[in-house]
Amino acid sequence: MSSVPKTGDFLGHPKGLFLLFFTEMWERMSYYGMRGIFVLYLSTIATAAAMGWDMSYFGIDPMSAGADEEYQKALNSNALSILGFYAFLVYVTPVLGGWFADNISGQRKAIITGGVIMALGQFALGTPHAMVPGLELEFMYLGLGLLIIGNGFFKPNISTMVGDLYSEGDKRRDGAFTIFYMGINLGSILGYFVVGSIGEKFDYQYGFLTAGVGMLLGVILQLSLANKYLGNIGTVPAAKLGGDDNQGAAKKPLTNEERDRIKVILIMSFFTIIFWAGFEQAAGSMNLFAKYKTDLVFFGWEMPASWLQAVNPIFIILLAPIFASFWIRMGDREPDSPRKFALGMFFLGLGFISMVGAALQIGDDANTKAHVIWLVMAYVFHTMGELCLSPIGLSMVSKLAPLKYTSLLMGMWFFFSGIGNYAAAEIGKLVGDAGPLSTFGGVAIMAFLAGICLWLMADKLVDWMHGAEGTHDEEQLLEEELELTGEKQ
């Protein structure tokens, strides 16, 4: 049985919560900081030269008309492919990491192991090219591989430890997750501003090294303070804490009601592919558009392109309590989960309508750049879509999944998100071929059509839920919404 040491509370919560808050903050700073500059790093001529990617690598004749422009498009496409494959695997490995912690290591060792491995991955990415002549490409793939493996150990386990700080029925738990998720968003803001600034203004590899230092700070916090503030929480694998009480129930076949609920999870998960395929353009095509096609100069100073990605976490913090309150105040008129998903799709579409505006502004003139407000508006709309879909989906899986399949179906939810991330890279590559207007316009149409389909299917999907959404008193609902709308993957 896990127990929290008596070290007193801070702001009404165990001090261990704030240890986990800062551990997660530094890890997210590392993750989002790296993601914010990675595709920009790979799209530069200097990086291509170090990796040995000359024009012949992409099948381009350097003497042909427009060769330089074709080379840049090829670099962008290659960068998006690598980012997409990385993002896909980042969502697959947590399924394995969660199983490993539950059955072998316990959460505490898993997050420390994952943190160390991720720090090594950032340091591999940040190793100066001059130090590893001829091995630049190998060090890049080594870094990505370590980040993927380390994320698998870290990502699924630290959130579990937050819940373990509180006994069953403790009403502070919802507020604890809200505080914890603020750490996620603060970490991503730090990543975009600190790592992004160092990477774009000095050297991209210095940015990766900074991200690695951030990850090490999180590990050091855990190693030095965990025993004091977390006690034995996360030290024993969950499988060793459980008994045989539920083994009989686990062998029973699924009921018709459970099958219907699983169908809802799978259908809604499929639609998340479309959402994330659009939303995750943020780190790819929209990031490149910001770098090369957007006017980022203010009073003679050029803003780092990666800073624009901080619009999302900033507005998550600003809008999360507003959305939470809004859903509650709607009372009986509050949309069900499928319709909230549909609203998320509509907001995604509106974001890409804004990107269409940016594409129309630049037209075919290579010297014209779009106003930054188009991208800011797009990120704000996408954030509103995220608040309608991502936390609602996580809540839906937890409510609908049969007990014996909860972990599997939650893993499937993240697996579909990974497919969406991979699809985002493939769609982003179309910007170089079909152009930003056609590509962003196509994503907007796709999002609107998906939203319409979900809205039309909503009644049937709600029937298949068999009342799982339930009803609660207003105070309990507000607490739940505040917790969930603070969620960020």
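These legends describe close-up views of a predicted model.

The model is predicted, with local features needing pLDDT of at least 70 and side-chain atom pairs counting only at pLDDT 80 or more, while totals for chains, interfaces and linings use all residues. Residues are numbered from 1 along each chain as its sequence is written, and side-chain values use heavy atoms, with hydrogens and water left out.

**View 1. The protein chain as a whole.** The protein chain holds 17 helices and four strands; helices (H or I, at least four residues) and strands (E, at least two) are DSSP runs numbered from the N terminus. Of its 489 residues, 54% are buried. Buried means under 20% relative accessible area, exposed over 50%, and partly exposed in between, with a 1.4 Å probe and protein chains only. Among contacts with a separation of 6 or more, 84% are between residues 24 or more positions apart; contact means heavy atoms within 4.5 Å.

View 2. Helix 1 (residues 15-42) has 28 residues, which should span 40 Å at 1.5 Å a residue, and its end C-alpha atoms are 41 Å apart, in agreement. The expected span is 1.5 Å times one less than the number of residues. A kink of about 25° is centred on Gly 36, where the bend is the angle between axes fitted to the seven residues ending at a residue and the seven starting there. Helix 1 is mostly covered, with 25 of its 28 residues buried.

**View 3. The largest nonpolar core.** This core has 129 residues, and Phe 38 and Tyr 86 touch the most other members. Helix 1 gives the most to this core, 14 residues. A nonpolar core is a set of buried Ala, Val, Leu, Ile, Met, Phe, Trp, Tyr and Cys residues joined through side-chain atoms within 4.5 Å. Residues up to four places away in sequence aside, Tyr 86 touches Tyr 31, Met 34, Leu 144, Leu 147 and Ile 148.

**View 4. Aromatic pairs, including Phe 352 and Phe 440.** Rings of Phe, Tyr and Trp (its six-membered ring) pair if their centres lie within 6.5 Å; planes under 30 degrees apart count as stacked, over 60 as edge-to-face and the rest as tilted. The count by this rule is 24 aromatic pairs. The ring centres of Phe 352 and Phe 440 are 5.9 Å apart and their planes are at 35°, so this pair is tilted. Phe 352 in helix 13 (residues 337-362) and Phe 440 in helix 16 (residues 436-465) are 88 residues apart, and the pair links distant parts of the chain. Phe 352 is buried at 0% relative accessible area, and Phe 440 is buried at 1%. Elsewhere, ring pairs join Phe 38, Tyr 41, Tyr 204 and Phe 208 into a cluster.

**View 5. Arginines over rings.** The charged end of Arg 28 sits over the ring of Tyr 31, 4.4 Å from its centre. Arg 339 lies over the face of Trp 455, 5.4 Å from the ring centre. A charge sits over a ring if NZ of Lys or CZ of Arg is within 6 Å of the ring centre and within 35 degrees of the ring normal.

**View 6. Gly 152 in helix 5.** Gly 152 is found in helix 5 (residues 136-164) and is buried, at 2% relative accessibility. Neighbours within four places in sequence aside, Gly 152 is in contact with Thr 93, Pro 94, Gly 97 and Gly 98.
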